[in-house]
Amino acid sequence: GTRNGNGGYSGAAGKKANAMGKTVAGIALRTGLQGGTILAAKAAYDSFFKRYEKRDINTIFGEFDYSRVEEKLERTTFFFPSGPWKLQGYFYPCDGAKKMVVVCHGMHAGADDYIPFIEFFVRNGYAVFTYDCQGTYASEGDSTVGMCTPLVNLDHALTYIENDRQLSQYKLYLFGHSWGGFAATSVLSLHKNICGCAAIAPFNSGYTLFVEKGEQYMGPFSDMLRIDFPKEFLNAYQTLLFKDYTKYSAVKGINSTDIPVYIAHGNRDFVISFGHQSVISHKAEIRQKNVTYYVGTDAHAGHNTILHSLRAVDYQKKVEKDLKQRKKEYDRDLTREEMAEFCNGVDHALYSEINMEMMQDILNMFNEVLA
């Protein structure tokens, strides 16, 4: 059969309808909600977690595609299982390396979007293992399913590494951003062979974030959100989708281990709010003492700008301004050919230059573990 967005298999349309009927009936039994309410809420929920395809390389600014770095960065590609799905993995070797960083990408992005950081680790003596999450880029899946998906995928990725003769020889470190930062910290409850962990702009809980994000965006309309997504529905549906994975959080993961952990967050992050949804906002709940906190300010205060150098952030603004001016001159959006011409004139290395202060801190922390 064909795989569906909920992580299982379906065959003919009749089987799909039967499965949905069982889902609705199960949630109705648990919550007492009406079938129509559940169907509407399920459709709205699923629409937030569609499949994400990679953009045309001709429209991508920066060294965020392997084709732009393949002459200086070796890699092999392969598939590994995550439940019924096949995820595309990427291994970047490093001569003589005894350490490996598993890089976990953010939502609406894929593994290639973190190539500048992958290159940094390889250049500094670490092999790298990374992958596209379910429903993203080259991996299987009709959808990205939900906020707990990166934790599910990372759990399976680490299990794959632990059972592979070559990969299991490396000392393991984790590096994740946003969605991937949540996965990198929360998975510490499940895998005890990790030597160090760094999470950039991570949220604390995939289970609660959906309601928190809704309240952030809806503001005075948050009562409407609760009608569309009743708490009873969210609890029951996420439990059906992710089972025990809903019980894990970044704070629980960090508190479950004594390894060094690095948490970074911009103080004007409007994607994962600094004061409420971030791991830093739960700092008082973290008992583990071996945690380093880095707060991005000014140009490094944003969800993505925290990743890049001051030069890069300024240049990114210039590129966006130039593109806006070009569209204004044409009085329309650019054609594919015009966009490719514009993109070809961008300094991709500068556009994607990394925040070296933060990355050097992380590298130092990882190196001290090995020492």
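This is a predicted model: local features need pLDDT of at least 70, side-chain atom pairs count only at pLDDT 80 or more; totals for chains, interfaces and linings use all residues.
Local features were taken at pLDDT of at least 70 and side-chain atom pairs at pLDDT 80 or more, whereas totals for chains, interfaces and linings use all residues. Residues are numbered from 1 along each chain as its sequence is written, and side-chain values use heavy atoms, with hydrogens and water left out.

Helix α2 spans residues 35–47 and helix α8 residues 231–242 (helices being DSSP runs of H or I of at least four residues, numbered from the N terminus). Their axes come within 11 Å and cross at roughly 60°, the axes being lines fitted to C-alpha atoms over the stretch in contact and angles running from 0 to 180 degrees between N-to-C directions. On the α2 side, the contact (heavy atoms within 4.5 Å) is made by I38, A41, K42, Y45 and D46; α8 contributes F233, L234, Y237, Q238, L241 and F242. Of these residues, eight are nonpolar, one is polar and two are charged (Ala, Val, Leu, Ile, Met, Phe, Trp, Tyr, Cys and Pro count as nonpolar, Asp, Glu, Lys and Arg as charged, the others as polar).

The count of disulfides (cysteine sulfur pairs within 2.5 Å) is zero. For C104, the nearest cysteine sulfur is that of C133, 7.4 Å away. C104 is buried, with a relative accessible area of 3% (buried, under 20%; exposed, over 50%; partly exposed in between; 1.4 Å probe, protein chains only). C197 likewise is in no disulfide, and the sulfur of C104 is the nearest to it, at 8.2 Å. C197 is buried, with a relative accessible area of 0%.

Notes: Helices (H or I, at least four residues) and strands (E, at least two) are DSSP runs, numbered from the N terminus.
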